Every structure is written in C-alpha cells, then in structure tokens.
Amino acid sequence: MNAILSARPAVSPSQQLQDDIDLRPLTGHIGAEIHGLDLRRALGAPAVAAIRAALRQWKVVFFRDQVLTHAEHVAFARQFGEPTIGHPVYGYVEGHPQVYSVGRNRFQSRHEGEQLIRPWTGWHTDVTAAVNPPAASILRAVVIPPYGGDTQWTNLVQAYAGLSPTLRAFVDGLRGIHRFAPPEGQNATDEFLRKNRSRPLVSEHPLVRVHPESGERALYVSPLFLQTVTGLTPRESRQLLDLLFEHVVRPEYTVRFRWQEGSIAFWDNNSTAHLAPRDIDDLEFDRQLYRVTLKGEIPFGVDGSRSSAIEGEPLEAYE
C-alpha cells in the first residue's frame, strides 16, 4: 500500500485541517471524527493528506452522513491504496468483488455451540491469518438498529507502551501463529471447514510489529486469530497470551463508536484491533455494513525479520 500515513501532526480537540475539514478527537488515545467532506467525490491532495495524518495519529477515523454506493466506496478506498478482494475466505458481494458484506448473521453458518466468553473474546485485527494482512479497513453503515450494535477499537501502539520495560523486552523477540479457528467453546461447521480448506491461511507474525510508515511499535496480538506463541510450551503460551489479550482491551486504550446510517469507519490495521458487537444477537433489529480492505505489507518485527506464510498466498490487490 502506498504511504497510508504521514508524520504525526499536532492536533487540538477541534482543529481545522484544511478549508472546510475539521477533526474532532473522541478519546485520549484513539478515534476521531472528520467533518466537512463529501466522500462521494474524488478528494484533492490536501484532503487525502489530512485524512492520512489523522489516521496516523488517531488510528481510526469516522465520517458521518456519507451515503455511498458500493462503487463509490471502492473509489474512496482506492485513493489510499489498492483494494483487495472482499474477503479471501468468505467471499464478496456479487458484482462487487472488492466489497465484503458484514451482515448481522454472518457467523451462524460458520460456528455452532456456545462461546466461552472472556474479556477479549471477539477482538481481532482483520485477516492476520494472511502473511500480509490488510493495511487498512473501511467499513460503511447501511442498515443500523435504533440502538445497540456499537463497534470498539483499541490502540495497539499505546498498549505496547503500557507494558513494563521488562515485558516489552521479552515480547519484542517472540512470534506467534495466526489462523482461522472457531471462537473458544464453539465448533466449526461444514461450511467453515470447506471454505478454509479451499483457501487455507496460516501465518507466523512477530508479537511486536514495527509500523511500516511511522516506525511505531505495536503489540500485534489478535485474540481471534493468534493461537500460540512459537517456542513456548502450551501452558506458557496460553498464560502469556491471556495476559496480553486482557491488556490490549483495557478501556483507556479503546474507543466505542455509535453507528448511524451513512457512517464510515476507516482504521489502520497495522496498529489496531476491533470488536464487533454481540448485543445485536439479543435484538430483533437488522444490521448491515460493508467493508473494503487495502493491500498490506508483510509485517516485520523489532529485529527486522518478516512474517512467514505457513499456508496460503499473500493477499494481492484485486484486478
């Protein structure tokens, strides 16, 4: 992906980025709303630079009142990188191969049984089973319930900084195995097994990722995908991962976004994890969003070593 982020700006709580664009941070460490743009139209270079700068600092940015078609969604994304296929395993919207449907019931055909719920259950960084996970994700709201259905994000750079120096030095040199697997307590359905056999993705990534643009270190742990730590015994691996998973979802590192129809979330996949809502399962309302992801680089760790593919090919731009 071409330079998605730029140097960190000094931003006040409501700073004018350029003529009619203003940035409104939402928390101390992550999340900001951007106002004053019509994303249906091509952006000028100053607006693109402003969004990149905001994304660099706040990790996820939000837009309101942007009613886009699938084609306009893809066109907006293309100004920041190369869109991939909607989802490498679970497909795409018919007629729009760069768009993935994030529907309310999408997991029902993949997993069955009762989940084991822990504080970090469901948190993930998109498609880290791939050797080059998407650099960024852009999620667009079309059908939103009158209440419920919020999404949360966490700042993995801030989470890394929040570890003790001793623990940071330890995890700096570790790597872990990422794969698609049913959530704890649930079993894979035949559809899950069939689709993952047809497009297997298993990769080994550093536990600490160096951001390809900023050089920041992020605690690159994705609870839904990261299964084991390489070189540790099963108990050592489980204990360490539980500690790190619990740490990255501490409230002070997170932002919670209330969706409205026409809302868009644009996040840096190199430095965040996010959580899809579970409360919607207890409500009768529909919820439909659509996602476009941008091609990413193969991550590298503190020592400069790259991630490696155990199964599967890199995610390329959709041609």
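Guide: Helices here are DSSP runs of H or I with at least four residues, and strands are E runs of at least two. The model is predicted.

Visitor: What does the secondary structure of the chain come to?
Guide: Runs that meet those length limits are numbered from the N terminus. Counted this way, the secondary structure of the chain comes to six helices and 19 strands.

Visitor: What radius of gyration does the chain have, and what would a compact globule have?
Guide: The C-alpha trace spans about 55 × 45 × 40 Å along its principal axes. For 319 residues, a compact globule would come out near 20 Å. The chain agrees with that, because its radius of gyration is 19 Å.

Visitor: Of the contacts with a separation of 6 or more, what percentage comes from residues 24 or more positions apart?
Guide: Contact means heavy atoms within 4.5 Å. Of the 319 residues, 55% count as buried. Among contacts in the chain with a separation of 6 or more, the share from residues 24 or more positions apart is 81%.

Visitor: On which side or sides of H2 do the buried residues lie?
Guide: In helix H2, residues 70-78, the buried residues are His70, His73, Val74, Phe76 and Ala77. They cover an arc of only 160 degrees around the axis. An α-helix has 3.6 residues a turn, so residues three or four places apart point the same way.

Visitor: Which elements cover the buried residues of H2?
Guide: The buried set includes His70 and Phe76. What covers the buried residues of H2 includes H1, S4, S7, strand S16 (264-268) and strand S18 (288-294).

Visitor: Is Lys59 buried or exposed?
Guide: Lys59 is found in the loop between helix H1 (45-58) and strand S4 (60-63). Its phi is near 70 degrees, a positive value in a residue other than glycine. Buried means under 20% relative accessible area. Lys59 has 3% relative accessibility, so Lys59 counts as buried.

Visitor: What is the phi of Val127?
Guide: Val127 lies in the loop between strand S6 (111-112) and strand S7 (136-143). Val127 counts as buried because its relative accessibility is 4%. The phi of Val127 is positive, in a residue other than glycine, and is near 55 degrees.

Visitor: How far apart in space are Leu207 and Ser222?
Guide: Leu207 sits in the loop between strand S11 (202-206) and strand S12 (208-210). Leu207 is buried, with a relative accessible area of 0%. Beyond its neighbours within four places in sequence, the contacts of Leu207 include Val171, Tyr220, Val221 and Leu244. Leu207 and Ser222 are 15 residues apart in sequence, and their C-alpha to C-alpha distance is 9.5 Å.

Visitor: Which residues is Ala188 in contact with, leaving aside its neighbours within four places in sequence?
Guide: Ala188 is in strand S10 (residues 187-188) and counts as partly exposed at 23% relative accessibility. The C-alpha atoms of Ala188 and Glu112 are 76 residues apart along the chain and separated by 6.6 Å. With those sequence neighbours left aside, Ala188 is in contact with Arg110, Glu112, Pro182 and Leu193.

Visitor: Which residues are the closest to the centre of the second largest pocket?
Guide: The second largest pocket has a volume of about 240 Å³. Of the 15 residues that line this pocket, the closest to its centre are Pro182, Pro183, Glu184, Pro223 and Leu224.

Visitor: How many residues of each class are in the lining of the second largest pocket?
Guide: Strand S14 (226-229) and helix H6 (234-248) each supply at least two residues of the lining. By class, the lining has nine nonpolar, four polar and two charged residues.

Note on methods. Residues are numbered from 1 along each chain as its sequence is written. This is a predicted model: local features need pLDDT of at least 70, side-chain atom pairs count only at pLDDT 80 or more; totals for chains, interfaces and linings use all residues. Side-chain values use heavy atoms; hydrogens and water are left out. Buried means under 20% relative accessible area, exposed over 50%, partly exposed in between (1.4 Å probe, protein chains only). The arc is that of the directions from the helix axis to the C-beta atoms. On a 1 Å grid over the protein atoms alone, a cavity is a set of points where a 1.4 Å probe fits but cannot get out, and a pocket is an open set with protein on both sides within 12 Å along at least five of seven lines; lining residues have an atom within 4 Å of a point. Grid points are joined across faces, edges and corners, and a volume is the space filled by probe spheres set on the points. Ala, Val, Leu, Ile, Met, Phe, Trp, Tyr, Cys and Pro count as nonpolar, Asp, Glu, Lys and Arg as charged, and the others, Gly among them, as polar. The radius of gyration is taken over C-alpha atoms; the globule rule is 2.2 Å times the number of residues to the power 0.38.
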